[in-house]
Amino acid sequence: MRVQFAEIGGIPTRYYYEGSGAPLMLVHGAGVSGDSWLRNVDALAQNFHVVAPDTMGHGFTGTGAYTGGPPHPYMVDHLIALADYVGFKKFAMAGSSFGAMLSILTHFKIKDRVEKLILISSGSSTLSEEEHLKSVQNAYKNGMSAMTDPTLENCRARLGRIFYDPEKIPEELLWMQVTLYARPGVKDNYERRMKGMMDPAARQYRVAERMREISVPTLLVWGLNDPRVIYSRAVEAADRIERSTLVGFPECGHEPHIEHWERFNAIARKFLKGERIKDDREAGQGAEFGALAAAE
Amino acid sequence: MRAKFTTVNGVRTRYHTAGSGYPLVLVHGVGISSESWLRNIDELGQDFWVIAPDCLGQGFTESGHYTSGPPQPPTVDHLIALLDQLGVDKFAIGGSSFGAMISILTYFKLPQRVEKLILVSSGSSTLAEAELEKTLKESYANGAKAYHNPTYDVCLKRLQNVFYNPDDVPREVILMQLTTYRLPGVLEAYETRMKGLMDFDAVRPYRTAERLHEIKVPTLLMWGLNDPRVIFARAEEAARKIERSTLVSFDKCKHFPHMEHPARFNRVVRKFLKDESLADEARRAAE
C-alpha cells in the first residue's frame, strides 16, 4: 500500500491506495483515520483497486468549508469527489462504524455508482435515536480521553476499551495517532464533529429507518463483543435489506477488520466476488449470537 | 511518550518527548524520522527528559530555507533553536548515523552546553572521505528506491537491508514512512540533502572524523558489528582519539543498535548518563 496527498473537492486529502481491478473504497469511523485499514489495504489489493482516505477533518485531511453542525453532507461530498478523482465510476464501499453510515448515505446519493456495501460494526446506521445518542456519547468520551492528552498510553487505553483483545491493537496505529492527535486544532475539530453528530439537525441523515431503500448486495460484519453496537439491531437491519448477508465475529470488538483481519479480508473478498457466505440467520445462529452479544 | 508540534524560526517542527529531569536529545539519521527512537523514548524517559526531534526537512519537520548545499549547518542551527525554545540549557546528545555527526557538530558549536555525547553506528563521523563516499552511495541507492516508490513492501525491504534480523524492523516506522515520504516536497528535500552530503568539497569544513581529538566530554560509542554502513576499526580509532570515550559493540547488529537491541542499548545509555561503570559492557563487547 502507499499514500497519496491530493486536493479533493478543495480539501487537502491523504489517502492510501493499492492494486487494480474492481474499485473498492474503505471508509473509517469517527475520530480515527485511514490507517485503520492497515491490515486490509494490501490484502484486498490483490483482487481490487483499493482506496482508503482520511475522511474530511480526520487524519491528514483538512476540514474544508465545514464549521459545525451535522458533518454528514460535507463528508459524503468529499468521498464522492474522491471517487471522481481516482476514476471510480462504479465502486463498492466498505465502512466501519460511522464510515458505514457515510457509505450508505453515499449510496443513497449516487445509487447508480455504489454497487455493493460492506457495513462494519456500525451503531450510527442501525441503532434507535436514543441508543445511538448513548453510543456516540460513550465514543466521544473515549475519544476525548486520547485527544485531550495524546500520549501513547492514552491512545492505547482508548482503543483498548473497544477491542475484545487489546493485544491485537496494532502498535503502528498508536504511533500514528500520537502524531495525528498532537496536530493543532485536531481536538477542536473532533469535538465539533461529534457534537454535530449528536445535534437534532442530524436526524435528517439517519439511515436506520431507511434500510429498505438499500437496493445493492450488502454484507454486515459485526463484532459480537462490540460495546458501540447492539447485535440484534444488525439482525433487524439485515432483515430489512433485500440482498443482505450478516456475519457476527465472536471474540471481537468494534474493529473486526483489525482484530480479525484475516477472516475479515477473506469474507470481504468472497462477498465482493459474488461468492456465497454463510449468514448468521441460517440455522438460527442469529438468535444464538444475539444472546451471546446481549450477555456482554 | 507524546508527539508535539511547534514552530522554530518559522519552521514547523515535530518532536517526540517523554519524562523529565536531565535533558537527553536524540538525533535520527538521514531518511528516517524521530520514530527511529521508538524503542528508547519511553524507556529512557523514566530517568531523563528525552527530546527526539524530526531534523530539518525530515519526518514532519519542514525544510525551512535549506534548498541546497551541505545540510549540516542549517540542521544544527534548527536543532539548537528548538532546544533554546524548549528552555534546555545543558544537555546530553545522542545521534544515530548522520545524527551522530550532527551531535558532534552541535557540541563543537556549544562546547559549554553539551556535556555528554552518544554516537551510534556512524559512518559519516568516523570514515575517511573515500570510505564515506562509498557508504553514502550505497545508502542513497537503498534510500532513493523507497523515496521514489514508497510502498509498504519497498520501505520494509529497504530497512531490512540494514537490520541484522529482518523481523526486527519496527512496523511503526514503515507505516510512518508511507506518509512522510509522500509529504509535498519531501522527495526533493531528500535529493537535495543527499546531493549536499556527497559534494565532498563543500562538506569538508563540516567533517568530524579528523577532529575527534577535539571532543573533551565523555563520549559513548555504540557500533553494530554487522553494520554495512560503518567500519568497526574506524570506531576503535575514534575511541582512541576521544579522550574520555567508551566503545560498546553490538553483535548480531547492523545499523540500528537502538532498534535492534533496545534493552541493552537503553541499559548502556542509562549507565553512561548516570556515570556508572561501563567496564562490563565494554568487556562483553571485546569478547
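Contact means heavy atoms within 4.5 Å. Helices (H or I, at least four residues) and strands (E, at least two) are DSSP runs, numbered from the N terminus.

This is a predicted model, in which local features need pLDDT of at least 70, side-chain atom pairs count only at pLDDT 80 or more, and totals for chains, interfaces and linings use all residues. Residues are numbered from 1 along each chain as its sequence is written, chains are lettered from A and ligands numbered from 1 in the order in which they are written, and side-chain values use heavy atoms, with hydrogens and water left out.

**Exercise 1. Describe how α5(B) packs on α6(B) and list the residues that meet.**

Step 1. Two packed helices are described by the angle between their axes and the distance between the axes. Axes are lines fitted to C-alpha atoms, for helices over the stretch in contact, and angles run from 0 to 180 degrees between N-to-C directions.

Step 2. Take α5 (152-160) and α6 (171-180) of chain B: the angle is about 130 degrees and the axes are 9 Å apart. That makes α5(B) oblique to α6(B). The scale is this: angles under 35 degrees count as roughly parallel, over 145 as roughly antiparallel, 65 to 115 as roughly perpendicular and the rest as oblique.

Step 3. The crossing of α5(B) and α6(B) is right-handed. A crossing is right-handed if the near helix is turned clockwise from the far one by less than a right angle, and left-handed if anticlockwise.

Step 4. From α5(B) come Y152(B), C155(B), L156(B), R158(B), L159(B) and Q160(B). They meet R171(B), V173(B), I174(B), Q177(B) and L178(B) of α6(B).

Step 5. Sort the residues of this contact of α5(B) with α6(B): seven are nonpolar, two polar and two charged. Ala, Val, Leu, Ile, Met, Phe, Trp, Tyr, Cys and Pro count as nonpolar, Asp, Glu, Lys and Arg as charged, and the others, Gly among them, as polar.

Step 6. Check the cover on α6(B): nine of its 10 residues are buried. Buried means under 20% relative accessible area, exposed over 50%, partly exposed in between (1.4 Å probe, protein chains only). Among the buried residues of α6(B) are E172(B), L175(B) and M176(B).

**Exercise 2. Characterise the packing of α2(B) on α3(B).**

Step 1. Helix α2 (72-85) and helix α3 (98-109) of chain B pack at about 70 degrees, axes 10 Å apart. That makes α2(B) roughly perpendicular to α3(B).

Step 2. The crossing of α2(B) and α3(B) is right-handed. On the α2(B) side, Q72(B), T75(B), V76(B), D77(B), L79(B) and I80(B) make the contact. On the α3(B) side stand F98(B), M101(B), I102(B), L105(B), T106(B) and K109(B).

Step 3. By class, this contact of α2(B) with α3(B) has seven nonpolar, three polar and two charged residues.

**Exercise 3. Which strands stand at the edges of the chain B sheet?**

Step 1. Write the order of the open, mixed sheet of eight strands in chain B: β1-β2-β4-β3-β5-β6-β7-β8. Two strands pair if DSSP finds at least two bridges between them.

Step 2. In chain B, β1 (2-8) and β8 (245-250) each have a single partner strand, so one side of each is left without a neighbour in the sheet. The twist averages 20 degrees from one strand to the next.

Step 3. Look at one pair: β5 (91-96) and β6 (114-120) of chain B run parallel over six bridges. Within it, G94(B) has I118(B) as its bridge partner.
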